[in-house]
Amino acid sequence: RSVYDDQPNAHQRFMEKLDACIRNHDREIEKMCNFHHQGFVDAITELLKVRADAEKLKVQVTDTNRRLQDAGKEVISQTEEIIRCRVQQRNITTVVEKLQLCLPVLEMYIKLKEQMSVKRYYSALKTMEQLENLYLPRVSQYRFCQIMIENLPKLREEIKEISMSDLKDFLESIRKHSDRIGETAMKQKQNNVNYGRNMHLGRSRILESKSEITLKRTFEDDDEHEEEILTAQDLVDFSPVYRCLHIYSVLGDGEIFENYYRKQRRKQARLVLQPQSSMHETVEGYRRYFSQIVGFFVVEDHILHVTQGLVTRTYTDELWNMALSKIIAVLRTHSSYCSDPDLVLELKNLIVVFADTLQGYGFPVNRLFDLLFEIRDQYNETLLKKWSGLFRDIFEADNYSPIPVANEEEYKIVISKFPFQDPKLDKQSFPKKLPMSQSVPQIYIQVKEFIYASLKFSESLHRSSTEIDDMLRKSTNLLLTRTLSSCLQNLIKKPHIGLTELVQIIINTTHLEQACKYLEDFISNITNISQVTVHTARLYGLSTFKDARHAAEGEIYTKLNQKIDEFIQIADYDWTMSESDGRASGYLMDLINFLRSTFQVFTHLPGKVAQTACMSACQHLSTSLMQMLLDSELKQISMGAIQQFNLDVIQCELFASSEPVPGFQGDTLQLAFIDLRQVRHYVTTCFAWKWANLLFGLSRGQVRISFFALPVVHGMKDSSKKNNIFAQFRKNDRDKQKLIETVVKQLRSLVNGMSQHT
């Protein structure tokens, strides 16, 4: 690099050094040549000496070769013959080797044909694979191998078509028999959890068929033999699925097969989930519906666990969620048509077995148990309707009279049905009567039966005892507050129910109310939940029976008043009679006798009820008698009529003072007739000649007497007109007439003033 630099004289110095180096190398070469020159000369001299010997050797070798050629002609001939034999032998060996290569190919092809003929398609595919990968490449140069190679794809397509046909037959057959598969699985689940049903399923064997799967037939063995329950998988031959899956996997079309299988099974799922229109009419319709669904998912679960990739857990979960939504919608619709509680209970049991069976296969079923709570409400409604009819029948058949017991045995029978305790009654000798009627123990028994029926639905719901206790109490409260209360209210309002029946109804409700605590104990004994628990609900029977009693009491008051009105309607007063009969009116005596006999029936009622009824009747009687005098059509009244009315009022006061119902203090009951007593006094006095001064002298507190004085004055006025035709022509009579008119006006003003004040 420095030679070509721009330094001055660099090239010249390089050339000088190069010349010096060359001269040094030339001197070394010259020295080397001088050293070896003598050896070279010696070697040339040696070569010249052996030239003659070499010529002589050449002649001798030529002669020896000639003699050897002449001597080896026969050997050459024999050798050529040997060579030909060796070639033939090699060719034969080659042919044998080629045949040995071809024979396995031909044997495998024959084996392939045999496998195809016996429908061993998976083995045939394996044989094809060996032919293509191992045997045919060795003899691919032969024409028959080319023919085989061309036929193999056709054979594969044939196998695919045949296996797909078998799969279709399998899918069709399993669609038809899915209910049998599901029924077997559900029966097995029932036996495992001791549902109490004995399913006689015997031994069976699998029969393989070309076009369909074979289900193992079940039959009953003799009672002496041990029963065996087969699993649902034992009933199905899944070989068509396995074969088709293996075939498509070997052919590299596994994904195509998976998509086809899943698509077809989705279609079948939609068909299985479609219920029959009459499914809700019988339990068999529900059982078949559930069996089909269980059979479908049992097959899918088996496919999931014994095949790799044909179905996945994600696929089965998605399919189950779709099916579960449809199932819940179907059950909601069809269960709403069920009006028979026994059918609803059977449906509940089927749903529980259905859910437990599928839960055993790993499917989530919480939504089904949530649906059961909806169906439980419907079940309670059907129970309430059924028990409403039972209550009505009991009330219709009741005689509404105390239960007679002739001996100790009959008494114990009644006590065993209804928790009745009365120490006073126990001391009485037989025969005797229990205060309640026959309907009370029957109602109590039916309430317990209702609790048992509600408990049946709560079983197997995987709920705690506390939740079951709460459900039983709520349903029982509905029975008491809705159904029984409604029946009692309707019973009380029926027109044929008389006072005696109403009294007995009050007594019955009292004893039923007292029995509510025994019903609470009954529920606690069933659920083993103590009543002192904080979250334990209480029965609302107390309010139910109290409301019924109040309604019955009100109906008693109403019917008493109606009966009094009936007696009052037959009253026939002659307001113009000259003299009274000297005794109380017949209708009033009949009415009082009726009230006495009625109030005697009230002895079993609570004291306040009987007293209120008695007071209400007396007040209504007093009001009705007052209204007779206040009748606008009454224009005149004679002294004899007043005396007769006075006798009736006195009879009413005597009835009140006789204490028809014990418990009144002093003259409390007689106060109901105080207005009539005043009417009797003042109206009688008004008939004196100085009636006008008496009327004008009334105090403000006595203004109510004007009501009764007014028609009296009207009567006197009209009588004066009739008896004194020419009175208007007499001065005294005219003054008397004016005085009467003045009194009437003042009485009217007093009446109007009192009405406005009231």
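Let's start at one ring: lysine 448 lies over the face of phenylalanine 522, 5.0 Å from the ring centre. A charge counts as sitting over a ring if NZ of Lys or CZ of Arg is within 6 Å of the ring centre and within 35 degrees of the ring normal. Lysine 432 is placed over a ring too, that of phenylalanine 430, at 4.4 Å from the ring centre.

A word on what you are looking at: this is a predicted model, where local features need pLDDT of at least 70 and side-chain atom pairs count only at pLDDT 80 or more, while totals for chains, interfaces and linings use all residues. Residues are numbered from 1 along each chain as its sequence is written, and side-chain values use heavy atoms, with hydrogens and water left out.

Rings also meet other rings. A pair of aromatic rings is described by the distance of the centres and the angle of the planes. Rings of Phe, Tyr and Trp (its six-membered ring) pair if their centres lie within 6.5 Å; planes under 30 degrees apart count as stacked, over 60 as edge-to-face and the rest as tilted. The structure holds 18 aromatic pairs. One of them joins tyrosine 142 and phenylalanine 144, which are stacked at 6.1 Å centre to centre with 15° between the planes. Tyrosine 142 counts as partly exposed because its relative accessibility is 24%, and phenylalanine 144, at 27%, is partly exposed as well. Here buried means under 20% relative accessible area, exposed over 50%, and partly exposed in between (1.4 Å probe, protein chains only).

Now turn to phenylalanine 290 and phenylalanine 354, a tilted pair with 4.8 Å centre to centre and 35° between the planes. This pair links distant parts of the chain, 64 residues apart: phenylalanine 290 belongs to helix 6 (residues 283-306) and phenylalanine 354 to helix 8 (residues 341-360). Helices (H or I, at least four residues) are DSSP runs, numbered from the N terminus. Both phenylalanine 290 and phenylalanine 354 are buried. They also belong to a cluster linked by ring pairs, together with Tyr289, Phe296, Phe297, Trp320 and Phe363.

A cavity is a set of points on a 1 Å grid over the protein atoms alone where a 1.4 Å probe fits but cannot get out, and lining residues have an atom within 4 Å of a point. There are six cavities of 30 Å³ or more. The largest cavity holds about 50 Å³ of space, and its lining includes Ile443, Leu480 and Phe545. Helix 12 gives the largest share of that lining, three residues.

Key: Helices (H or I, at least four residues) and strands (E, at least two) are DSSP runs, numbered from the N terminus. On a 1 Å grid over the protein atoms alone, a cavity is a set of points where a 1.4 Å probe fits but cannot get out, and a pocket is an open set with protein on both sides within 12 Å along at least five of seven lines; lining residues have an atom within 4 Å of a point. Grid points are joined across faces, edges and corners, and a volume is the space filled by probe spheres set on the points.
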